[in-house]
Amino acid sequence: MKNIALCLRYDGSRYHGWQVQKNDITVAQTLEEALGKVFGRRTKAVGCGRTDAGVHALRYCVNFHADTAIPMDRMPLAINSRLPDDIAVLDAVETDEGFNAIGSCIKKEYIYKIHNSNIRDPFLKDRVCFYPQRLDMDMMKRAAAAFEGTHDFRAVRSVGTETKTTVRTVYWCRAEKEGDVITVSVCADGFLYNMCRAIVGTMIYASYGKLMPENIPALLEKGDRRLTGPTMPPQGLYLNRVWYDGPAGEMMMRH
């Protein structure tokens with residue numbers, strides 16, 4: 001039995017997130033159905049984390065166990081032939097038995113895209129957050145930098161999955177603008193429920209002067225979700241990169 005890791009890319013627009021659910025179509029369910037057709041038996045896929053309804057992934061890692069003779073370089077083609085066109089397997093590698101897509105993850109980077117224009121673009125409808133009010137990039141960059149470091153991030157999480165601790169380390173939080181599109185990049189050793197979308201909402205509050213970037217560390221210290229910015233809509237959020245040691249890490253770096 002081989003432990004196989006895949007690098008996926010998907011448009012999450014029509015899915016109710018990654019996690020298998022009883023009454024909604026999800027990415028995991030769709031992938032597991034495809035794997036079942038390829039390998040002739042029910043195959044459970046472990047994902048590198050939950051993504052919410054409408055959230056996308058440019059690079060997403062899963063692992064599963066299968067007794068198969070399909071070469072790794074042919075694996076993406078075999079699985080993609082059974083997948084809808086909004087999910088694609090980019091690569092596959094055989095990993096060691098101890099590898100787990102979520103447990104072995106070292107860090108992740110999410111990006112959030114904002115179309116900051118007073119004219120919407122129909123072709124970006126499900127792939128960016130359309131935000132017509134002008135945003136102050138200098139204030140957003142200052143606010144982004146205030147989130148970097150090791151903090152208790154309970155002030156920027158929604159009530160959801162319980163965790164042992166709400167302390168996380170943010171390695172970088174940046175905002176860049178190209179044309180009318182602002183991209184916020186957040187890399188951390190882990191993310192709380194809606195943490196990235198709430199960080200972006202707090203950066204937008206800073207853009208308006210509703211709070212000062214210099215006050216963000218104190219707001220994190222207080223831990224009161226009501227004092228930070230709103231949770232931004234899901235369609236602007238993408239899981240961008242995932243880091244691992246070993247063969248899976250090498251695979252993810254190739255894409």
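Q: What makes the side chains of Asp138 and Arg142 a salt bridge?
A: In this predicted model, the side chains of Asp138 and Arg142 approach to 3.9 Å, N to O. The cut-off for a salt bridge is 4 Å between a side-chain nitrogen of Lys or Arg and a carboxyl oxygen of Asp or Glu, so the pair qualifies.

Q: Where do Asp138 and Arg142 lie?
A: Both are in helix H3, 4 residues apart, about one turn of the helix. An α-helix has 3.6 residues a turn, so residues three or four places apart point the same way. Asp138 and Arg142 also belong, together with Glu214, to a network of salt bridges.

Q: Why are Asp138 and Arg142 called partly exposed?
A: The class covers relative accessible areas between 20% and 50%. Asp138 has 48% and therefore counts as partly exposed. Arg142, at 33%, falls in that class as well.

Q: How do you know that Asp152 and Arg154 form a salt bridge?
A: Their closest N and O atoms are 2.6 Å apart, and the limit is 4 Å. Asp152 has a relative accessible area of 24% and is partly exposed. Arg154 is partly exposed at 31%.

Q: How many salt bridges does a search of the whole structure find?
A: The search finds 10 salt bridges. One of them joins the side chains of Arg197 and Asp52, at 3.2 Å from N to O. That pair links distant parts of the chain: Arg197 is in helix H4, Asp52 is in the loop between strand E2 (46-47) and E3, and 145 residues separate them.

Q: Are Arg197 and Asp52 buried or partly exposed?
A: Arg197 has 10% relative accessibility, under the 20% limit, so Arg197 counts as buried.

Q: How do you know that the length of helix H4 agrees with its number of residues?
A: Helix H4 comprises 14 residues, 195-208. At 1.5 Å a residue they should span 20 Å, and the end C-alpha atoms are 20 Å apart, which agrees. Just after H4, Gly209 adopts a positive phi of about 80°.

Q: Why is H4 called mostly covered?
A: Of its 14 residues, 12 are buried. Among them are Met195, Cys196, Ile199, Val200, Met203 and Ile204. The buried residues pack against several elements, including strand E5 (107-115), helix H3 (137-146), strand E8 (167-178) and helix H5 (216-222).

Q: Why is the pair of Tyr110 and Phe191 called edge-to-face?
A: The structure holds 7 aromatic pairs. For Tyr110 and Phe191, the ring centres are 4.9 Å apart, within the 6.5 Å limit for a pair. Their planes stand at 80°, over the 60 degrees required, so the pair is edge-to-face.

Q: Which parts does the pair of Tyr110 and Phe191 tie together?
A: Tyr110 lies in strand E5 and Phe191 in the loop between E9 and H4, so the pair ties together parts that are 81 residues apart in sequence. Tyr110 has 8% relative accessibility and counts as buried. Elsewhere, Tyr10, Trp18 and Tyr60 form one aromatic cluster.

Q: What makes Lys107 a charge over the ring of Tyr171?
A: The charged end of Lys107 sits over that ring, 5.3 Å from its centre, and the distance limit is 6 Å. Lys107 also lies over the face of Trp243, at 4.8 Å from the ring centre.

Q: Why is Asn3 called buried?
A: Asn3, found in strand E1 (residues 2-10), has 2% relative accessibility; this is under 20%, so Asn3 counts as buried. Its side chain makes a polar contact of 3.0 Å with that of Asn63; the limit for such a contact is 3.5 Å. Not counting residues up to four places away in sequence, Asn3 touches residues including Asn63, Phe64, Val93 and Phe99.

Q: Is Asp67 buried or exposed?
A: Its relative accessible area is 67%, over the 50% limit, so Asp67 is exposed. Asp67 is found in the loop between strand E3 (56-66) and helix H2 (75-80). The C-alpha atoms of Asp67 and Lys108 are separated by 30 Å, the two residues being 41 apart along the chain.

Conventions:
Residues are numbered from 1 along each chain as its sequence is written. This is a predicted model: local features need pLDDT of at least 70, side-chain atom pairs count only at pLDDT 80 or more; totals for chains, interfaces and linings use all residues. Side-chain values use heavy atoms; hydrogens and water are left out. Helices (H or I, at least four residues) and strands (E, at least two) are DSSP runs, numbered from the N terminus. The expected span of a helix is 1.5 Å times one less than its number of residues. Buried means under 20% relative accessible area, exposed over 50%, partly exposed in between (1.4 Å probe, protein chains only). Contact means heavy atoms within 4.5 Å. Rings of Phe, Tyr and Trp (its six-membered ring) pair if their centres lie within 6.5 Å; planes under 30 degrees apart count as stacked, over 60 as edge-to-face and the rest as tilted. A charge sits over a ring if NZ of Lys or CZ of Arg is within 6 Å of the ring centre and within 35 degrees of the ring normal. A polar contact is a pair of N or O atoms within 3.5 Å; within protein, one must be able to donate a hydrogen and the other to accept it, and residues adjacent in sequence count only if both atoms are side-chain atoms.
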